[in-house]
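Good morning, and thank you for coming. Please look at the sequence and the structure as I show them, and keep both in view while I speak.

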Amino acid sequence: MKIVAITSCATGIAHTYMAAEALKKFCKKNHHECKVETQGALGIENQLKPYEIEAADLIIFANDVGISKAERFDKYKDKIKKFSPHDVIKDPSIILK
């Protein structure tokens with residue numbers, strides 16, 4: 001499965017990157033392709049490309065705050081699942097439930 005994700009938290013520091021790391025480890029362990037865009041204190045890092053968003057089987061929003069450039073995902077609403085970064089850190093398997 002191809003999974004793309006966007007992580008962000010209120011301060012843009014710890015939980016943004018902890019959620020990204022939890023998702024990457026979970027996907028690797030379960031043999032899923034994964035790319036994670038972080039939107040933290042440094043702005044957008046590892047920005048998802050349009051073809052990556054289109055090819056994704058699942059789009060994860062792990063965020064406590066609004067996502068920058070959210071319009072990129074407008075035509076893929078049926079693929080999006082939303083979680084808090086804390087929940088993804090605690091149990092990344094929730095993305096498939």
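L96 is found in the segment after helix α3, which spans residues 85-90. Please bear in mind that this is a predicted model. Is L96 buried, partly exposed or exposed? The relative accessible area of L96 is 38%, so this residue is partly exposed, given that buried means under 20% and exposed means over 50%.

Which residues does L96 touch, if we do not count those up to four places away in sequence? They are M1, F26, H32, L58 and K81. Consider M1 in particular: L96 and M1 are 95 residues apart in sequence, and their C-alpha atoms are 11 Å apart in space.

H32, another contact of L96, has its place in the loop between α1 and β2. H32 has a relative accessibility of 19% and therefore counts as buried, since the cut-off for buried is under 20%. Leaving out residues up to four places away in sequence, H32 touches M1, I3, C27 and L96.

H31 is also in the loop between α1 and β2. With a relative accessible area of 71%, H31 is exposed. Its backbone deserves a remark: H31 has a positive phi of about 60 degrees, although it is not a glycine. K69 likewise has a positive phi of about 60 degrees without being a glycine. K69 lies in the loop between β4 and β5, and with a relative accessible area of 42% it is partly exposed.

Let us turn to the sheet. In what order do its strands stand? There are 5 strands, and they form an open sheet in the order β3-β2-β1-β4-β5, with mixed pairing. The edges are held by β3, residues 43-45, and β5, residues 80-83; each has a single partner strand, so one side of each is left without a neighbour in the sheet. On average, neighbouring strands of this sheet are turned by 15 degrees against each other, direction ignored.

One pairing may be followed in detail. Strand β1, residues 2-8, pairs with strand β2, residues 33-40, in the parallel sense over 6 bridges. As an example, A5 has V36 as its bridge partner in β2.

Next comes the helix. T16 is found in helix α1. The relative accessible area of T16 is 0%, so T16 is buried. Beyond its neighbours within four places in sequence, T16 is in contact with T7, S8, C9, T38, Q39 and G40.

Finally, we come to the nonpolar cores. How many residues does the largest nonpolar core have? It has 15 residues, and those with the most contacts inside it are I3, L23, I60, F83, V88 and I95. At least two residues of this core come from each of β1, α1 and β4. The element that gives the most to this core is α1, with 5 residues.

Not counting residues up to four places away in sequence, L23 touches A5, T7, C34, V36, I60, V88 and I95. Apart from this core lies another core, of 11 residues, among them V4, I53, I59 and Y76.

Thank you for your attention.

Key. Residues are numbered from 1 along each chain as its sequence is written. This is a predicted model: local features need pLDDT of at least 70, side-chain atom pairs count only at pLDDT 80 or more; totals for chains, interfaces and linings use all residues. Side-chain values use heavy atoms; hydrogens and water are left out. Two strands pair if DSSP finds at least two bridges between them. Helices (H or I, at least four residues) and strands (E, at least two) are DSSP runs, numbered from the N terminus. Axes are lines fitted to C-alpha atoms, for helices over the stretch in contact, and angles run from 0 to 180 degrees between N-to-C directions. A nonpolar core is a set of buried Ala, Val, Leu, Ile, Met, Phe, Trp, Tyr and Cys residues joined through side-chain atoms within 4.5 Å. Buried means under 20% relative accessible area, exposed over 50%, partly exposed in between (1.4 Å probe, protein chains only). Contact means heavy atoms within 4.5 Å.
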